[in-house]
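Please read it alongside the sequence and the structure shown here.

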Amino acid sequence: MEKEEFERLRKKYEPIISNMIRSNSCFYRSNKMIKWRFGYDDNEAIIATYDRKNDLVSINLKSIVRADSENDLKTVEYFLLHEIRHLFQNELIVDYRNGKEGPICKEIIEKWIYESEHYIKVSDSEGNENPNYFLQDLEMDAYAFSYAVMKYKYGDLNLYVPPIYGDEFNNIVNDWITTFKVEGLSTDDSN
């Protein structure tokens, strides 16, 4: 993609992404400002990523253009929420390492630390999907959180849920939705 085209599309989609981030802020469990940017990857399946080292969410502009052309920006929102959950997980890991207590029990945070230090990638060395990637607590937590937010906001949607997930995943999603209802969370759905 040429630089001029990237800039044109960045300006077009920046307000949409900013609104998604703002309208979902009540769900994040953090007051931390979300740092984000647009990136570009020819692989449209990579919608968003979180860079732990730089504490930065990157959104693939090519994926947004495709999703917009298919009237499917909710998939972008879903994966944006997923990556923002990774940001929250990292925030808790940093706090734990600095001796601060957080809202998640230390056993889970210690598991997240282990998984982040021994991270299993989504694809193996031959490019095949790796089911163990999805079984990491970091990933199941991020998928369950993002799916719960989307279901809470919009009802049932056709979003990607790793086929390996079963009752445990559904229970986590339902627990999140119950929590959101008890807390009376509401958003501005104008995205």
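N90 touches Y50, R52 and D55, leaving aside residues up to four places away in sequence; contact means heavy atoms within 4.5 Å. The model is predicted, so local features need pLDDT of at least 70 and side-chain atom pairs count only at pLDDT 80 or more, while totals for chains, interfaces and linings use all residues. Residues are numbered from 1 along each chain as its sequence is written, and side-chain values use heavy atoms, with hydrogens and water left out.

- N90 lies in helix α3; helices (H or I, at least four residues) and strands (E, at least two) are DSSP runs, numbered from the N terminus.
- With a relative accessible area of 11%, N90 is buried (buried is under 20% relative accessible area, exposed over 50%, partly exposed in between, with a 1.4 Å probe and protein chains only).
- Most residues other than glycine have a negative phi.
- D55, one of the contacts of N90, is not a glycine but has a positive phi of about 50 degrees.
- D55 sits in the loop between β2 and β3 and counts as buried at 13% relative accessibility.
- N71 also has a positive phi, near 55 degrees, and is a residue other than glycine.
- The loop between α2 (61-69) and α3 holds N71, which is exposed with a relative accessible area of 73%.

**Sheet**

- Three strands form an open, mixed sheet in the order β1-β3-β2; two strands pair if DSSP finds at least two bridges between them.
- β1 (36-39) and β2 (48-51) are the edge strands, each with a single partner, so one side of each has no neighbour in the sheet.
- From one strand to the next, the twist averages 25 degrees.
- β2 and β3 (residues 56-60) run antiparallel and are joined by four bridges.
- T49 has S58 in β3 as its bridge partner.

**Helices on the sheet**

- Helix α1 (residues 3-23) packs on the sheet, where it touches β1 and β3, and its direction makes about 145 degrees with that of β1.
- Axes are lines fitted to C-alpha atoms, for helices over the stretch in contact, and angles run from 0 to 180 degrees between N-to-C directions.
- Helix α3 (residues 73-97) lies across β2 and β3 and runs at about 10 degrees to β2.

**Packing of α4 and α6**

- The axes of α4 (residues 106-117) and α6 (residues 137-154) come within 8 Å and cross at roughly 115 degrees.
- The two helices α4 and α6 are therefore roughly perpendicular (angles under 35 degrees count as roughly parallel, over 145 as roughly antiparallel, 65 to 115 as roughly perpendicular and the rest as oblique).
- I108, K111, W112, E115 and S116 of α4 make the contact with D137, L138 and D141 of α6.

**Aromatic pairs**

- The count comes to 20 aromatic pairs, where rings of Phe, Tyr and Trp (its six-membered ring) pair if their centres lie within 6.5 Å; planes under 30 degrees apart count as stacked, over 60 as edge-to-face and the rest as tilted.
- W36 and F38 form an edge-to-face pair, 5.0 Å centre to centre with 85 degrees between the planes; F38 is buried, with a relative accessible area of 7%.
- Y152 and F180 have ring centres 5.4 Å apart and planes at 65 degrees, so this pair is edge-to-face.
- The pair links distant parts of the chain, with Y152 in α6 and F180 in α7 (residues 167-183), 28 residues apart.
- Y152 is partly exposed at 23% relative accessible area, whereas F180 is buried at 0%.
- Ring pairs link a cluster whose members include Y78, F79, Y119, Y133 and F134.
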